[in-house]
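Dear colleague,

Please open it first and keep it beside you while you read.

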Amino acid sequence: MTVDANEVEVVYTTNDIYEAEIIRNQLHDVGIKCELDGASQGGFTEIVETKLLVRAGDVDRARQLIERRTTDQIEMPCDEANNR
């Protein structure tokens, strides 16, 4: 079965609309078109899931960038790592 490169797929889901916006902008910065599904949640932030959607042809690259971003965020600062 062949996947149409223009179909959209979910690459990330979050309850934090601000995080979703940041990731969307980062993907746009590297040339990956990304849209948010669930972004118009009104005052229900952190309740309603927001999904980041990209074209099927960009899924692998988008997931790699998101993975790198989330891994970089949880790494310990150098001075804390050196004190262990």
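R69 is found in helix α2. Please bear in mind throughout that this is a predicted model. R69 is buried and yet has no salt bridge, the nearest side chain of opposite charge being that of E19, which is 4.0 Å away. What the side chain of R69 does make is a polar contact with the side chain of Q26, at 2.8 Å. Leaving out residues up to four places away in sequence, R69 touches E19, I22, I23 and Q26.

**The chain as a whole**

To place that residue in its setting, here is the overall layout. The chain has three helices and three strands, and these follow the pattern β-α-β-β-α-α when read along the sequence. Of the 84 residues in the chain, 25% are buried. The accessible surface of the chain comes to about 6,100 Å², and 47% of that surface belongs to carbon and sulfur atoms.

In soluble globular proteins, nonpolar side chains tend to be buried together. In this model the largest nonpolar core has 13 residues, of which V11, L27, L52, V54 and A62 touch the most other members. The elements that give two or more residues to this core are α1 (17-29), β2 (34-37), β3 (50-55) and α2 (59-74), and the largest share, four residues, comes from α1. Which residues does V11 touch, once those up to four places away in sequence are not counted? They are L52, V54, V59, A62, R63 and I66.

**A threonine in strand β1**

T14 has its place in strand β1, which covers residues 8-14. Is T14 buried or exposed? T14 counts as buried because its relative accessibility is 8%, and the cut-off for buried is under 20%. A polar atom of the side chain of T14 lies 3.0 Å from the backbone nitrogen of D16. Setting aside its neighbours within four places in sequence, T14 is in contact with E19, A20, V48, E49 and T50.

**Salt bridges**

How many salt bridges does the structure hold? There are two salt bridges in the structure. In one of them the side chains of R24 and E21 meet, with 2.6 Å from N to O. R24 and E21 are separated by about one helical turn, because they are three residues apart in helix α1. E21 is partly exposed, with a relative accessible area of 27%.

In the other, D58 forms a salt bridge with R55, where the closest N and O atoms are 3.9 Å apart. D58 is buried, at a relative accessible area of 16%, whereas R55 is partly exposed, at 29%.

When you look at the model yourself, you might begin with R69 and its polar contact to Q26, and then turn to V11 and the other core residues that touch the most members, including L27 and A62.

With best wishes

Definitions and conventions
Residues are numbered from 1 along each chain as its sequence is written. This is a predicted model: local features need pLDDT of at least 70, side-chain atom pairs count only at pLDDT 80 or more; totals for chains, interfaces and linings use all residues. Side-chain values use heavy atoms; hydrogens and water are left out. A nonpolar core is a set of buried Ala, Val, Leu, Ile, Met, Phe, Trp, Tyr and Cys residues joined through side-chain atoms within 4.5 Å. Buried means under 20% relative accessible area, exposed over 50%, partly exposed in between (1.4 Å probe, protein chains only). Contact means heavy atoms within 4.5 Å. Lys and Arg count as positive and Asp and Glu as negative; His and the chain ends are not counted. A polar contact is a pair of N or O atoms within 3.5 Å; within protein, one must be able to donate a hydrogen and the other to accept it, and residues adjacent in sequence count only if both atoms are side-chain atoms. Accessible areas come from the Shrake-Rupley method with a 1.4 Å probe; for residues, only the protein chains shown count as cover.
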